Amino acid sequence: AVVSTQSTGGKAETVVITSSEIGDDKDKIVSLASFGRGATKVRAAIPRLPTSFTGSGDVFAAAFLIWSHKLSDPVNILQKTVNTTYAVLARTFESFKGQENPTCFDKELKLIQSKGDLENPPDLIKAELVTV
């Protein structure tokens, strides 16, 4: 999924690829962000959870919007965003991982239970500048 914000003059100021399978590590997905029309590029490798979710892109987009408003450093923005999203998804996964065939209800994102992580995400995943 791609999110773009603050479009000016036909060029997006900020572009984010929320999850991609770039690289050789099949146990991770990669999030990439380009800020300042490509002046600053940031990446984060995120541990892959062995399931799929509905609504994870919405959580990512909301977190990105909030952290972009609160922070100015692109590395911190992406790092807080992926850690916020991952905390919600990991908590949701833990709630049903022992079930043989979890239902949509079982896999409903644990947003209320993740309130603390939404406000103050753990610092598990590191983001880094990309130099080309």
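Reader: Which residues does V82 touch, not counting residues up to four places away in sequence?
Author: V82 touches S31, A44, I46, F60 and I125. Contact means heavy atoms within 4.5 Å. This is a predicted model: local features need pLDDT of at least 70, side-chain atom pairs count only at pLDDT 80 or more, and totals for chains, interfaces and linings use all residues. Residues are numbered from 1 along each chain as its sequence is written, and side-chain values use heavy atoms, with hydrogens and water left out.
Reader: How many residues are in the largest nonpolar core?
Author: That core has 26 residues, and F53, L78 and V82 have the most contacts inside it. A nonpolar core is a set of buried (under 20% relative accessible area, 1.4 Å probe, protein chains only) Ala, Val, Leu, Ile, Met, Phe, Trp, Tyr and Cys residues joined through side-chain atoms within 4.5 Å.
Reader: Which element gives the most to this core?
Author: Helix 2, with 10 residues. Strand 3, strand 4 and helix 1 (56-70) also give two or more each. Helices (H or I, at least four residues) and strands (E, at least two) are DSSP runs, numbered from the N terminus.
Reader: Switching to strands. How many bridges join strand 3 to strand 4?
Author: Eight, and the two run antiparallel. Strands pair if DSSP finds at least two bridges between them. They form a hairpin with four residues between them, and G36 in the turn has a positive phi of about 60°. Strand 2 (residues 11-20) also pairs with strand 3 (residues 28-35), antiparallel, over four bridges.
Reader: And what does the side chain of S34 reach?
Author: The backbone nitrogen of G38, at 3.3 Å. S34 is in strand 3.

Key:
Buried means under 20% relative accessible area, exposed over 50%, partly exposed in between (1.4 Å probe, protein chains only). A polar contact is a pair of N or O atoms within 3.5 Å; within protein, one must be able to donate a hydrogen and the other to accept it, and residues adjacent in sequence count only if both atoms are side-chain atoms.
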